[in-house]
There are 2 protein chains.
Amino acid sequence: MNLSTSSLLFRKTHQILRHRFRRQQFLIRSLCGYNIQTGIGKMQQIQCMDRPIVDADAENVLRRITPTFDLRRHKGQAGKIAVIGGCREYTGAPYFAAISALKIGADLSHVFCTKDAATVIKSYSPELIVHPVLEESYSVRDDEKAGVLDKVLAEVTKWLGRFDCLVVGPGLGRDPFLLECVSEIMRRARQSNVPIVVDGDGLFLVTNNLDLVKGYSLAVLTPNVNEYKRLIEQVLECEVKDEDASEQLLSLAKKIGGATILRKGSSDLISDGKTVSVVSVHGSPRRCGGQGDILSGSVAVFSSWARQQMISSEEDYNKRPANPLVLGCIAASVLLRKAATLAFDKKKRSTITGDIIECLGESLEGICPARTLG
Amino acid sequence: MNLSTSSLLFRKTHQILRHRFRRQQFLIRSLCGYNIQTGIGKMQQIQCMDRPIVDADAENVLRRITPTFDLRRHKGQAGKIAVIGGCREYTGAPYFAAISALKIGADLSHVFCTKDAATVIKSYSPELIVHPVLEESYSVRDDEKAGVLDKVLAEVTKWLGRFDCLVVGPGLGRDPFLLECVSEIMRRARQSNVPIVVDGDGLFLVTNNLDLVKGYSLAVLTPNVNEYKRLIEQVLECEVKDEDASEQLLSLAKKIGGATILRKGSSDLISDGKTVSVVSVHGSPRRCGGQGDILSGSVAVFSSWARQQMISSEEDYNKRPANPLVLGCIAASVLLRKAATLAFDKKKRSTITGDIIECLGESLEGICPARTLG
């Protein structure tokens, strides 16, 4: 072996080792860990994804984007959220999403649902503003549909500009006419640059109509295991690869073109196609239905706060901004996990979603104690 | 300089200085402070507006007008309040106003709303008496309207004489036919000398129909930032001047001709066109929707108590009485602020309007412990 052959072999081995090391780092980051852009405006951290996994970072993100109270502010400035969901069959999910938004600190929380659902959702709480404007096929004749669609759109779009974020999907159901109306609402929201968090049956709608969110950087999808499976099959035309979870999520988000995806699981994985973040703080072992609705309402509030802070900040974020929707997902994920754990400590097997919602405030205060300016 | 010139100069200088002194006093009173007619019947205090700002004065007002319990009294004597509001879209606001009235100490609390709203408001609490009598355009044909209006009026006016105060507006909505009915209810209430607190969509109605409250000294308007802006633009035909807030409020109240206005903000300003009072006790930094409804229900109760006390007092108030509606506003303002602070201490960011209502009793007891005669 002469010197040049030896040198070539050395280089090749070095390349292979470096590649393996990077791959190993990526896997560690993805599967066990947590890598985020903690600092809005800390550009170097956006590109730096190899810090060790520290769950406290998720709490730091939450602290960073949660606004300090200010006595000079007035109603609405801490967030106006609207949930599009609730039909004859489902009423709990939109309630959970909307009330969670209030319990985290939003000022106003609306629900747009069908007439049947409205009476029930209203009766759950006088704190929500519930609009009985959506219609399902069973209550509309075919020849009336065009007119009803226009009416629904008119009712919803007159409010759209006032909201900081929509949550589309909790308890939406799968009625074709209802989904047609909601598709159009999503298009209008997109035209008005209103961020949209998509969950539940909203994901069923979006998976079959990807154009609704494709290329829209103000969309967040929050799929659970099954919803994620359908999304992967539809978009990447393959099976879910758990051994390569981060990379696959990154590809999915890239393919959808800028929307943020929060893949719910034992660890939550979050990607906007540029970075992958993992939140693995312990949650509760209880898997009672409704926790996803708390999450979607929370993502809406935290994302609104992160966007608000970014807009009001003096730093130049246009260069390479930390994605406020990613930050919102990280904060929502860690808060839900903390609240679920707290609720489980108190209620054990009998923990239900309402118990977790009642723990949102205490958990938030534990991470980020309320302070007031002015 | 002869004596008469010197005397003239002295008088002129004195006039200027006096004018400046008064102006300075007015500004101090308006911008930093709190000046009220604490004592019903203490005439000298009505004209004397230069005492230092003491928030405890607001608590004194509350103590002075809150009746002592008396075992000889019977149901209804501590106040019968009615809220006119609640439509297909809004049910929380009238509930908050009506339940707050009860939680402060009124004996009976009614709600007059649409059929759609009634079922829901009834479901919030069995404590309220809810009348499903109002109608919205969508449920009434044009040719039926005159008849329906008569029917609505008949249903409401048979109750009117029994109420100590109406709250018009919480969750009223803006349906033209509904507002037409409510205008007529307000006219009837005025004919019967029933005090009216106007809030929310009631202010939308009144701003466009000033005659409803113009010259009615038993009306109270409780506008928030936006509602006040519209009122100023409509009545004074200018912009809101925050640097001259008290003077502008005084002008507005004068122009409306005797109605009391409570301008809600970081400090609450209250004027009936004769005096301006400021309540600046710390409130909560949470701005969740619904707090205005607690306030309107509270103003109704405290104003009723202040009027009741005035009527039953032996002193001759006809000369120059302290305005009981102004006193009611001061008491309601300080109580809401105390209750909101207490709720915030307990619940922090997750404080919602229901939590504040739950703190009304404890806060009231803190200011004015319940005592019983007889």
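Helices (H or I, at least four residues) and strands (E, at least two) are DSSP runs, numbered from the N terminus. One thing to keep in mind throughout: this is a predicted model.

**Exercise 1. Find out which rotation superposes chain B on chain A, and what kind of axis that gives.**

Solution. 
- Step 1: recall the general idea. Two copies of a chain are related by a rotation about an axis and a shift along it.
- Step 2: read off the values. Chain B superposes on chain A by a rotation of 89° with 0.0 Å of shift along the axis, and the RMSD is 0.1 Å.
- Step 3: name the relation. That is what a four-fold axis gives.
- Step 4: find the residue of chain B that comes closest to the axis. This is Ser123(B), with its C-alpha at 4.4 Å.

**Exercise 2. Describe how chain B meets chain A: how many residues are in contact, and do the copies meet through the same or different surfaces?**

Solution. 
- Step 1: count the residues. On the chain B side 26 residues are in contact with 34 residues of chain A.
- Step 2: get the area. About 2,700 Å² is buried between the two chains, and carbon and sulfur atoms give 58% of this. Glu89(B), Arg287(B) and Arg349(B) supply 30% of the area that chain B buries against chain A, more than any other three residues.
- Step 3: see what chain B brings. Helix H4 (92-104), helix H5 (115-124) and helix H13 (353-358) of chain B are the elements that give two or more residues to the side touching chain A. The residues on that side divide into 9 nonpolar, 11 polar and 6 charged.
- Step 4: compare the surfaces. Only 4% of the interface residues of chain B are also interface residues in chain A, so the copies meet through different surfaces.

**Exercise 3. Sort out two salt bridges within chain B, one formed by Glu155(B) and Lys158(B), the other by Asp242(B) and Arg263(B).**

Solution. 
- Step 1: the general point. Side chains of opposite charge can pair when their charged atoms come close.
- Step 2: take the helix pair. Glu155(B) and Lys158(B) meet in a salt bridge of 3.7 Å, N to O. Both belong to helix H6 (residues 145-160) of chain B, and being 3 residues apart they are separated by about one helical turn. Glu155(B) is partly exposed at 30%, while Lys158(B) counts as exposed at 52%.
- Step 3: take the other pair. The closest N and O atoms of Asp242(B) and Arg263(B) are 2.9 Å apart. This pair links distant parts of the chain, 21 residues apart: Asp242(B) is in the loop between H9 and helix H10 (245-256), and Arg263(B) is in strand E8 (residues 260-263).
- Step 4: compare accessibility. Asp242(B) is exposed at 52%, but Arg263(B) is buried at 14%.

**Exercise 4. Locate Glu237(A) and say what stands out about its phi.**

Solution. 
- Step 1: the background. Most residues other than glycine have a negative phi.
- Step 2: the value. Phi of Glu237(A) is near 50°, which is positive in a residue other than glycine.
- Step 3: the setting. Glu237(A) lies in the loop between helix H9 (225-235) and helix H10 (245-256) of chain A, and is exposed with a relative accessible area of 70%.

Note on methods
Residues are numbered from 1 along each chain as its sequence is written. Chains are lettered from A and ligands numbered from 1 in the order in which they are written. This is a predicted model: local features need pLDDT of at least 70, side-chain atom pairs count only at pLDDT 80 or more; totals for chains, interfaces and linings use all residues. Side-chain values use heavy atoms; hydrogens and water are left out. Copies are superposed by least squares on the C-alpha atoms of residues with pLDDT of at least 70 in both. Contact means heavy atoms within 4.5 Å. Buried area is the accessible area (1.4 Å probe) that two parts lose on being put together, summed over both. Ala, Val, Leu, Ile, Met, Phe, Trp, Tyr, Cys and Pro count as nonpolar, Asp, Glu, Lys and Arg as charged, and the others, Gly among them, as polar. Buried means under 20% relative accessible area, exposed over 50%, partly exposed in between (1.4 Å probe, protein chains only). A salt bridge is a side-chain nitrogen of Lys or Arg within 4 Å of a carboxyl oxygen of Asp or Glu.
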